[in-house]
Amino acid sequence: MNNKKNQQGQENSPPPYLASVPRTNDAAEASISRRGFLGFAAASIFLAHAEQQPPRSESRNGIPYRTLGRSKEKVSLIGLGGYHLGKQADPQESIRIIRTGLDEGVNFLDNCWDYNGGESEIRMGNALRDGYHQKAFLMSKIDGRTKAAAASQINESLRRLQTDRIDLLQFHEVIRDTDPDRIFAEGGGVEAVLEAQKAGKIRFIGFTGHKSPDIHLKMLATASKQGFTFDAVQMPLNVMDAHFDSFEKKVLPVLLKNDIGVLGMKPMGDHIILES
């Protein structure tokens, strides 16, 4: 486990870019459109992180790119979500979406072993044929917590994706207090992932979760005790996060301090914000 290679104060006042916005009358505020809300939300997320991320001007076909932590890999600021890419009635539509995204400059592809019973990985694998894999930074996830389960899922994902290597493999849904200990136990999932990395089946290692920043911190601390540092971590970052159990306040500073790649998800809080 001694793999060294893979080793806040917050102000209570509103951020200046929000505090300086003049208030309009109540009727105007009540009539704000969904488009306007989405634009405001997206701008808020961008501005909230503007001082934390040094400005970079690199883009491809108008799509901004960022360096993923210490990996030195350049990935598109937005990605294609694997779960949704398995929901189209016609699989050819999923393939067209993926290929259009890659052609237009998006290179970060999300997926998971369990999305739509494996259909998401199958469709993405078909889309990445004919030279499209060379345009992509391919990420997928596994649910296995034991070495045997994780190894089996890695091999199945490789088969479905029609590739011999995944760029970033992540432990999916680290949402239970017991998950870190199970993954890093003797015979745990991290052993299979490290073996797969050594064999060249995967390049980088990360984990995801969407419920508790404290469990994210426990996962990072458990890894550190084993001399291991994740390459990337995925978590919710959205306009409501700062107000309760905040990933931005608790987890983001730790990731930045250790040069771990930050992957934001649920930027609009999933569907809940728009339905509330």
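Select β2 (residues 63–67) and β3: three bridges join these antiparallel strands. Strands here are DSSP runs of E, at least two residues; helices are runs of H or I, at least four; both are numbered from the N terminus. Two strands count as paired if DSSP finds at least two bridges between them.

This is a predicted model, in which local features need pLDDT of at least 70 and side-chain atom pairs count only at pLDDT 80 or more, while totals for chains, interfaces and linings use all residues. Residues are numbered from 1 along each chain as its sequence is written, and side-chain values use heavy atoms, with hydrogens and water left out.

Stay on β2 and β3. Pick Arg66: its bridge partner in β3 is Val75. Then pick Tyr65, which stands opposite Ser76 in β3. Follow the chain into the hairpin of these two strands, which has six residues between them. Stop at Gly69, whose phi is positive, near 55 degrees.

Select Ser59 and find Pro64 opposite, in β2. This hairpin has two residues between its strands. Asn61 sits in the turn, with a positive phi of about 55 degrees.

Last stop: helix α6 (residues 147–161), where you will find Glu156. Glu156 is partly exposed because its relative accessibility is 24%; buried means under 20%, exposed over 50%, partly exposed in between (1.4 Å probe, protein chains only). Show Trp113 too: its C-alpha lies 7.7 Å from that of Glu156, with the two residues 43 apart along the chain.
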